[in-house]
Amino acid sequence: MMEMTVVLTIIISLTRSCFPSAIHACDEVDANSLLSFASSMSSSPSLNWSNSIDCCLWEGITCNSDLNRVTRLWLPSRGLHGPVAPSLANVNHLTHLNLSRNSLFGSLPSGFFSSLNNLQIIDFSYNDLSGKLPSSSLSSSHLENVNLSRNRMWGDIPSWFLKDAWNLTSFSVSSNQFTGFIPSHIWINSSRSIQFLDFSVNYFRGEIPQGLGSCLNLTVFRAGSNSLTGSLPRDLYKSASIKELSVPQNQLSGPIGEAIANVTNLRIIDLSANGFTGPIPAETGKLYNLQQLRLQNNRLSGSLPSSLMDCTNLMLLNVRSNSLLGDLSNFNFSNLIRLGVLDLGYNDFSGNFPQSLLSCKSLIAIRLSANRIAGHIPPKISQLQSLSFMAISGSNLLNIAATFTSLRGCRNLTAIILSQNFIGESMPEIDMTVDSRGFQNLELLALGRCQLQGQIPAWLAKLGNLRVLDLSQNRLTGQIPPLFSCLPYLFYIDLSSNLLSGPFPKQLTLLPALSGEAGNILGLSPLVLPIFVMPDKSTMRLFNGRRVLPPAIYLDSNGLSGSIPVEIGRLKCLNVLSLSRNNFSGSIPDEIAQVTNLERLDLSSNSLTGKIPASLIGLHFLSYFSVAFNDLDGEIPFRGQLDTFPSASFEGNPKLCSSILQHPCFTQEENDATGPEHAPEPEVAPEPEDIIVGLAAGISFGFIIGFTYGFFYMDNFRRFIA
């Protein structure tokens, strides 16, 4: 009996030490509160919390071993869907609360934080929460990390929120809808501990408050994409610890202070898309740790300071769209051995292509577009084996044949944008058998607005990875050759405004990417410098992501003739078909209605006859449509999308009738009674306008493509990728 007692004592002792929760179950209030929380939402897969199991053993739950109170609720990316139940506030010993990356919605309950005084970490990021912050204060001297980013919360951040969070190290409310002024009390109260502050992508207004310079350990300050005004706060230049200063897309102004040199730990400076003026301070060269300098889309002037060559850790330099000037060929880039991205486009730089760039072997992207770069691209550019993006459009480059011979050695090139150069030269002939590996990664080729002479070159058929081709606004002659069907990924082709003749090339109806035969491969790989639509230098639309251009065929403003082939119906993925200002004849094929993704259809200024097919009313995505200035007859189909277009879409067809043309259709008896003397006078087609719309490369946040088509597809505009 004595031996059995000893054995039982040992077992109980071991059980208590190894499995304390098996002896002392978790607090009943905690368990019931968590069950109520779980019952208010769904989860995938199910949480399987149950009263029959100690809650300290539940998934995502950790308890204090002494009090058996729940201290940790950690369920990120757990497929939770539903509102946050008020009962969660009853688990008042929580120190760590992480419900990020779920599908929580609704407001946080009123008074939610009133009893959660032990919180150290709270993370509701990447959900769909809305509403104002709870009326109760989230004030805890233990609090270290607050992350409410990527939700839809709104309203001001009140002064009592986080008022006693003396030990706060990280605070993020980015990508919400908060308004008012940036709450400076958050870093003033925690000036000794705060390291990370992110207020970006909200509706904050006013100036950036003072006090950041007093934050002894602040490493990151972000407040981009708000409505902030004024200049950078002076005391910011006193911060010895900050590594990232990111305030793009605001309305900040004034000069960049020379005192920026005092912030010696800076790695990233992003002041882009503001109204900063004056020169780039020469003192910037003292920032020896600097890795990224983003100053694009400001009003900066003067030259590129030579002191930047001392920033030998620089990996990205973007000063696009300012008023900078100077001879680039005199600028010595050779010390920037880590430089990967260089964007100097849309300034007033001059000179030849800088030879010193050839020493920057890490370069993956160069853009010098819309400057006054002259001469030749050096043959040794083939030494830049990492180069994938080259854009020098709108300059004064010469010798296109030598240029392509040199670029062929850059094995990783995915984008070549050289529009508006080589004026009047001949389209180069390239012997692809000499180097079969040349241009095999090329996805985008843009040679628009060069007035190149000759014919569409046969070597294009060897570019097996080509997705986007722009040869618009040249002087190419002859028929469109049967080579494009060899390009399985080609989804955007612009041959507009040339001197091409012959019939509509049926091989275009065999393009795998446009017929859906290429699977899901439709679009460009992510570009280092994304593409933007630019009708003029002052107004830009930026795009980012895989699909930056619509699946499109532009053949307008040529001398093509014959009928539009019925095979056009194969192009199931096509968004844009522009055949205007040619000599096409015959009827509009019914099969166009099978191109169900069409968003723009322009058949204007041809010699088409017959009726407008009633089947076109099924093109539900159509946002632009024109058959103006043809010889069509009969009644305009009056249902579906065609009802939404103005009379200008049908003008110049005197035999068409419809109420929208103020030319109603009559019965035969009414026609006999009216007589021919009342027939309307034929209209004369207007001359094409000479308006230029460009596509150019740039870095920015993405826009939804569908919202930009109306802007991009304005009739009579001239596109070219630049």
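1. A disulfide here is a pair of cysteine sulfur atoms within 2.5 Å. Searching the whole structure turns up 3 disulfides.

2. A word on the source. This is a predicted model, in which local features need pLDDT of at least 70 and side-chain atom pairs count only at pLDDT 80 or more, while totals for chains, interfaces and linings use all residues. Residues are numbered from 1 along each chain as its sequence is written, and side-chain values use heavy atoms, with hydrogens and water left out.

3. Start with C26 and C55. A disulfide joins them, with an S to S distance of 1.9 Å. This pair links distant parts of the chain, 29 residues apart. C26 lies in the loop between α2 (20-23) and α3 (28-39). C55 lies in the loop between α3 and β1 (61-63). Helices (H or I, at least four residues) and strands (E, at least two) are DSSP runs, numbered from the N terminus.

4. Which hand does the C26 and C55 disulfide have? The torsion about its S-S bond is about 135°, so this disulfide is right-handed. Both C26 and C55 are buried. Buried means under 20% relative accessible area, exposed means over 50%, and partly exposed is in between (1.4 Å probe, protein chains only).

5. Next come C56 and C63. Their disulfide has an S to S distance of 2.1 Å. The angle about the S-S bond is -95°, and the link is left-handed. C56 has 13% relative accessibility, so C56 counts as buried. C63 has 18%, so C63 counts as buried too.

6. Now take C657 and C665. Their sulfur atoms sit 1.9 Å apart and form a disulfide. With 100° about the S-S bond, this link is right-handed. Are its two cysteines buried or partly exposed? C657 counts as buried because its relative accessibility is 12%. C665 is partly exposed because its relative accessible area is 31%.

7. How are the bonded cysteines paired along the protein chain? Numbered in sequence order, they pair 1-2, 3-4, 5-6.

8. Two further cysteines deserve a look: C450 and C486. C450 has a relative accessible area of 0%, so C450 is buried. C486 has 47% relative accessibility, so C486 counts as partly exposed.
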